[in-house]
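Q: Can you walk me through this one? I'd like the layout, then the details.

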Amino acid sequence: MLIETETTPNPATLKFLPGQAVMTAGTRDFADADEADASPLAAALFSLGDVTGVFFGRDFVSVTAGPGTEWRDLKPQVLGVLLDHFASGAPLFAAGSAAGIHIPDDESFADNPEDADIVAQIKDLIETRVRPAVARDGGDIVYRGFDRGTVYLAMHGACSGCPSSTATLKQGIETLLKHYVPEVTEVRAA
């Protein structure tokens with residue numbers, strides 16, 4: 001089995017592509033070892049000691065290294081864990097528990113029903129234009145809400161903590177949304 005590795009815009013995060021589906025639907029972000037108890041793979045990655053974040057995408061796993069960690073030292077260990085997991089066919093989530101179901105801390109808020117058409121346009125653009133581009137960089141962006149012209153988005157995986165995430169939000173996503181949805185005046189991280 002060959003696992004490809006790609007850099008991401010976040011120098012602390014590498015994207016690992018096992019050549020097969022990781023998540024059949026959705027994504028899952030593990031911000032710490034306690035959250036990783038839901039997944040044997042995530043737990044094994046955190047057990048390496050230098051891992052501070054794990055993100056499962058459709059066909060990739062993004063791993064974030066802690067401050068001061070050199071990827072040349074950590075990468076072989078991560079590859080070993082990933083090879084063992086995918087070669088064995090082990091489940092991604094612990095069996096017999098609801099722990100694999102992730103309901104993020106809900107920073108969302110109820111959208112105004114009068115904005116339903118605007119929100120639908122925003123969600124469509126995020127789903128069709130933004131999320132595929134961000135997934136190529138090892139992350140994900142999730143819609144959190146729309147309020148008086150401001151769109152709130154949450155960043156996960158390689159996007160979370162990335163030095164260029166503010167530029168991505170402001171110069172990329174905000175520009176796109178303003179162009180197609182004139183009611184959008186600003187995009188903020190939630």
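This is a predicted model: local features need pLDDT of at least 70, side-chain atom pairs count only at pLDDT 80 or more; totals for chains, interfaces and linings use all residues.

Q: Where does D34 lie?

A: D34 is in the loop that runs between β3 (28-30) and α1 (40-46).

Q: And which residues gather with D34 in a patch?

A: D32, E35 and D37 gather with D34. Together they form a patch of negative charge on the surface.

Q: Stepping back, how many helices and strands are there?

A: The protein has 4 helices and 8 strands.

Q: What order do they run in from the N terminus?

A: The order is β-β-β-α-β-β-α-α-β-β-α-β.

Q: How much of the protein is buried?

A: Of its 190 residues, 42% are buried.

Q: Now the core. Which residues touch the most other members of the largest nonpolar core?

A: Those are F16, L41, L45, V54, F56, V61 and L82, out of 26 residues in that core.

Q: Which elements give two or more residues to this core?

A: Two or more residues come from each of β2 (13-17), α1, β4 (51-56), β5 (61-65) and α2 (71-88).

Q: Which of them gives the most?

A: α2 does, with 7 residues in this core.

Q: Switching to charges. How many salt bridges are there?

A: The count is 8 salt bridges.

Q: Let's take E6. What does E6 form a salt bridge with?

A: The partner is K15, and the closest N and O atoms are 3.8 Å apart.

Q: What about R72? Which side chain does R72 meet in a salt bridge?

A: R72 meets E70, at 3.3 Å from N to O. R72 is exposed, with 65% relative accessible area. E70 is partly exposed, at 39% relative accessibility.

Q: How many residues apart are E127 and R131 in the helix?

A: They are 4 residues apart in α3, which is about one turn of the helix.

Q: Which residues are linked with E127 in a network of salt bridges?

A: R131 and D140 are linked with E127 in that network.

Q: Staying on α3, what about I118? Buried or exposed?

A: I118 lies in α3, which spans residues 116-136. I118 counts as buried because its relative accessibility is 12%, and buried means under 20%.

Q: How many residues separate I118 and V181 along the chain, and what is the distance between their C-alpha atoms?

A: They are 63 residues apart along the chain. Their C-alpha atoms are separated by 7.1 Å.

Q: Last topic, backbone angles. What is the phi of R148?

A: R148 has a positive phi, about 45 degrees, and R148 is not a glycine.

Q: Why flag a positive phi?

A: Most residues other than glycine have a negative phi.

Q: Where is R148 found?

A: R148 is in the loop between β6 (139-147) and β7 (150-157).

Q: Is R148 buried or exposed?

A: R148 is exposed, because its relative accessible area is 74%.

Terms used. Residues are numbered from 1 along each chain as its sequence is written. Side-chain values use heavy atoms; hydrogens and water are left out. Patches are made of residues with over 30% relative accessible area and no salt bridge: like charges are joined within 9 Å, nonpolar side chains (Val, Leu, Ile, Met, Phe, Trp, Tyr) within 5 Å. Accessible areas come from the Shrake-Rupley method with a 1.4 Å probe; for residues, only the protein chains shown count as cover. A salt bridge is a side-chain nitrogen of Lys or Arg within 4 Å of a carboxyl oxygen of Asp or Glu. Lys and Arg count as positive and Asp and Glu as negative; His and the chain ends are not counted. The place of a charge is taken as NZ of Lys, CZ of Arg, CG of Asp or CD of Glu. A nonpolar core is a set of buried Ala, Val, Leu, Ile, Met, Phe, Trp, Tyr and Cys residues joined through side-chain atoms within 4.5 Å. Buried means under 20% relative accessible area, exposed over 50%, partly exposed in between (1.4 Å probe, protein chains only).
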